[in-house]
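Q: I have a protein model with two ligands to look at. How should I read what surrounds them?

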Amino acid sequence: MSKIKKVVARQVYDSRGNPTIEAEVFSNNLSASAICPSGASTGTFEAYEKRDKSNKKYLGKSVLIPVATVNKLISKKLKNQNIHDQERIDSILIKLDGTKQKTKLGANTILAVSMAVKKLSAKVKKIPLYKNFIVKKNFKLPFPLMNIINGGAHADNGLRIQEFMIRPDKAKSFNDAVRMCFLVINNLKVLLKKSGHSINVGDEGGFAPMISDNESALKLIVQAIKKSGFKNGKDISICLDVAANELIKKGKYSIHSKNYISVNQSIKKYLQLIKKYQIKSIEDPFGEDDWKAWSKFVNETKNKTQIIGDDLFVTNLERLKIGFLNLSANSILIKLNQIGTVTETLEVIKFSQLIGFKTIISHRSGDTEDTFIADLAVGTNSNQIKTGSLARSERIAKYNQLIRIEENLGRLAKMNKID
Ligand code: PGA
Ligand code: ZN
């Protein structure tokens, strides 16, 4: 049995330049570290991200208290635990916190340790990380949901919808999937330049041109897909993350323009967009509490469009069960730091797959060089991965890791099924 000797934490920085926590777990002769990411358009029901609010030296954003919690408390509590007993270690961390949303220690504090434990366990077993999750054979590579135009809280262009993504549905391999997206992104760059737009990128690496209406962005993407020699809706599909939580006021939504309109009117507009631009997937089309609007929407789409709950489910089993009973969605976004431990994340993935919901593993808009989610996607046979554009190293790092995993699997590597 390999035991934990100690856990050490330190403050490092994420892709937005904000402090975040890295934990390093030590056994006798090995160690592994993991860094917690951070969101911008966070759901109310997410587990709590703890920061030193009163530390003016870091504008209240430092994580020195979480770091001290690991070094002084968690390290002692986990000493001598079996490194391979993830469930026990996570349950110690959950009990130590004792609150529903991990407000005492912070989900960021707990998650950095939990992920580092999983990594060290793989290292001790001398297996790649992706082989240390649920799947033991017949590994599948996920389809990338590549974010190519950024809006909402991830850019300052005034675009209502937060993420415009492409999914290379006809890709034969992960390598091929990235190549297809590469072509579209390069063609989009040319189109943007030609029409006088900036090619600066937003938080997740997608372009953030000064376009403020959704349809102009969609038209540009359709053009870029065509120019790359692909058929929109067949070879490549357009997918959206609306992040509608940011666009709600008194039960009305400003998704489609600055004007607030009813749920029914919003659905009508959505259906038009789905048809006109062959949109295959929509994430967070309505607010995190608006279960009825979600159910209505799924029903109106005849369950043919992938409807993903992000802020709605917050990787939380209880909320997922409500969504399942009400048919509020048919897919779930998985973000480790929304729930705070690897074990709880895996439980949510297992349950989702049991009820036929697609699992889409996701980065956060503030992310790091940590590539844990790439391995998690393959190790759970998750259908898709959402980890930004082909820009910014914290996004590319995940794609590169998936390319390595595909190579490591060799002849056995297979893409997941999109439908
Ligand atoms: P976030 O954005 O990390 O800022 O929450 C990602 C998303 O909404 O999917
Ligand atoms: Zn989202």
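A: Start with one term. A polar contact is a pair of N or O atoms within 3.5 Å. Keep in mind that this is a predicted model.

Q: Which residues come nearest to ligand 1?
A: There are 15 residues around ligand 1. A40, H154, R364, S365 and K386 come nearest.

Q: Which side chains have a polar atom close enough to an oxygen atom of ligand 1 to count as a polar contact?
A: H154 is one of them, with a side-chain N or O atom 2.9 Å from a ligand oxygen. For Q162 the distance is 3.0 Å. For R364 it is 2.7 Å.

Q: How much of the accessible area of ligand 1 does the protein cover?
A: The protein covers 100% of the 270 Å² that ligand 1 has on its own. Ligand 1 sits in the second largest cavity.

Q: How many residues of each class make up the shell around ligand 1?
A: The shell has 8 charged, 5 polar and 2 nonpolar residues.

Q: Now the metal. Which residues coordinate the zinc ion, ligand 2?
A: Donor atoms come from D241 (OD), E283 (OE) and D310 (OD), at 2.0 to 2.3 Å. Their spacing in sequence is D-x41-E-x26-D.

Q: Why does the pair E283 and D310 tie together separate parts of the sequence?
A: E283 lies in strand β11, and D310 lies in the loop between β12 and α8, so the pair links parts that are 27 residues apart in sequence.

Conventions: Residues numbered from 1 in each chain as written. Chains lettered and ligands numbered in written order. Predicted model: local features only at pLDDT ≥ 70, side-chain atom pairs only at ≥ 80, totals over all residues. Heavy atoms only, no water. Near = heavy atom within 4 Å. Polar contact = N/O pair within 3.5 Å; in protein donor to acceptor, adjacent residues only side chain to side chain. Areas by Shrake-Rupley, 256 points an atom, 1.4 Å probe, with all protein chains shown as cover. 1 Å grid on protein atoms, 1.4 Å probe; cavity = no way out; pocket = protein on both sides within 12 Å on 5 of 7 lines; lining within 4 Å. Sits in = over half its atoms within 2 Å of the grid points. Nonpolar A, V, L, I, M, F, W, Y, C, P; charged D, E, K, R; others polar. Donors = N, O, S within 2.8 Å, 3.2 Å for Na, K, Ca; no water. Helix = DSSP H or I, 4+ residues; strand = E, 2+ residues; numbered from the N terminus.
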